[in-house]
Amino acid sequence: MEKSLSYSGTLEIVVQKALQYLKPTDRDVIYDIGAGDGRIARLCYEYQPKSIVVVENDPVLMRVAKANLTAEKCTERITYLLQDCRDITYQDGTILFYTLPGFVENALDIVTKTMPSNAKLITFG
């Protein structure tokens with residue numbers, strides 16, 4: 001049986017406040033890094049961005065995220081990447097939600113080095 005790391009989702013009210021501030025548009029490419037159960041991607045979906053990229057390294061959590069997003073009919077313009085966030089370049093990202101715990105060695109450094117200088121980075125945790 002696959003085992004997931006300890007998971008504690010970000011409070012929806014915190015994400016909603018961030019989105020109210022950011023005001024995503026149909027030109028935004030949003031990355032949900034460390035997507036967990038997909039709640040950030042689901043909340044972002046309401047803003048109808050150009051696309052949402054769900055990044056999760058844990059196969060159990062990725063299945064949960066996919067199931068939750070599908071159940072909420074959030075299926076268009078979503079890409080799923082089951083891989084380590086340190087192996088991705090974020091050059092097309094305009095808004096990046098980074099919700100990984102601090103023990104993921106140098107991940108935040110790598111994300112910030114590969115994202116555009118005008119992208120907005122939101123971190124929780």
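## Exercises on a predicted chain

The chain has four helices and five strands; helices (H or I, at least four residues) and strands (E, at least two) are DSSP runs, numbered from the N terminus. This is a predicted model, in which local features need pLDDT of at least 70 and side-chain atom pairs count only at pLDDT 80 or more, while totals for chains, interfaces and linings use all residues. Residues are numbered from 1 along each chain as its sequence is written, and side-chain values use heavy atoms, with hydrogens and water left out.

**Exercise 1.** State in which order the elements of the chain run, and what share of its residues is buried.

*Solution.* Step one: from the N terminus, the order is α-β-α-β-α-β-β-α-β. Step two: 46% of the 125 residues count as buried, where buried means under 20% relative accessible area, exposed over 50%, and partly exposed in between (1.4 Å probe, protein chains only).

**Exercise 2.** Find out how enclosed strand β2 is and which strands pair with it.

*Solution.* Start with burial. Strand β2 covers residues 51-56, and six of its six residues are buried, so the strand is largely enclosed by the rest of the structure. One side carries Ser51, Val53 and Val55, the other Ile52, Val54 and Glu56, and both faces are covered.

Next, look for partners; two strands pair if DSSP finds at least two bridges between them. Strand β1 (residues 29-33) pairs with β2 in the parallel sense over five bridges, and Tyr31 has Val53 as its bridge partner in β2. Strand β3 (residues 78-82) also runs parallel to β2, joined to it by five bridges; here Val53 stands opposite Thr79.

A right-handed β-α-β unit is made by β1, α2 and β2, and another right-handed unit by β2, helix α3 (residues 59-71) and β3. Right-handed means that, with the strands pointing away from the viewer, the path from the first strand over the helix to the second runs clockwise.

**Exercise 3.** Describe salt bridges of the structure and the exposure of residues in them.

*Solution.* First the count: the structure holds four salt bridges, each a side-chain nitrogen of Lys or Arg within 4 Å of a carboxyl oxygen of Asp or Glu.

Then take Glu12 and Arg42, whose side chains meet at 2.5 Å, N to O. Glu12 lies in helix α1 (residues 12-22) and Arg42 in helix α2 (residues 39-45), 30 residues apart, so the pair links distant parts of the chain. Glu12 is partly exposed, at 30% relative accessible area.

Asp37 and Arg39 also form a salt bridge, at 2.5 Å, N to O. Asp37 is buried, with 14% relative accessibility.

Finally, Arg77 and Glu76 have their closest N and O atoms 3.9 Å apart. Arg77 is partly exposed at 31%, and Glu76 is exposed at 52%.
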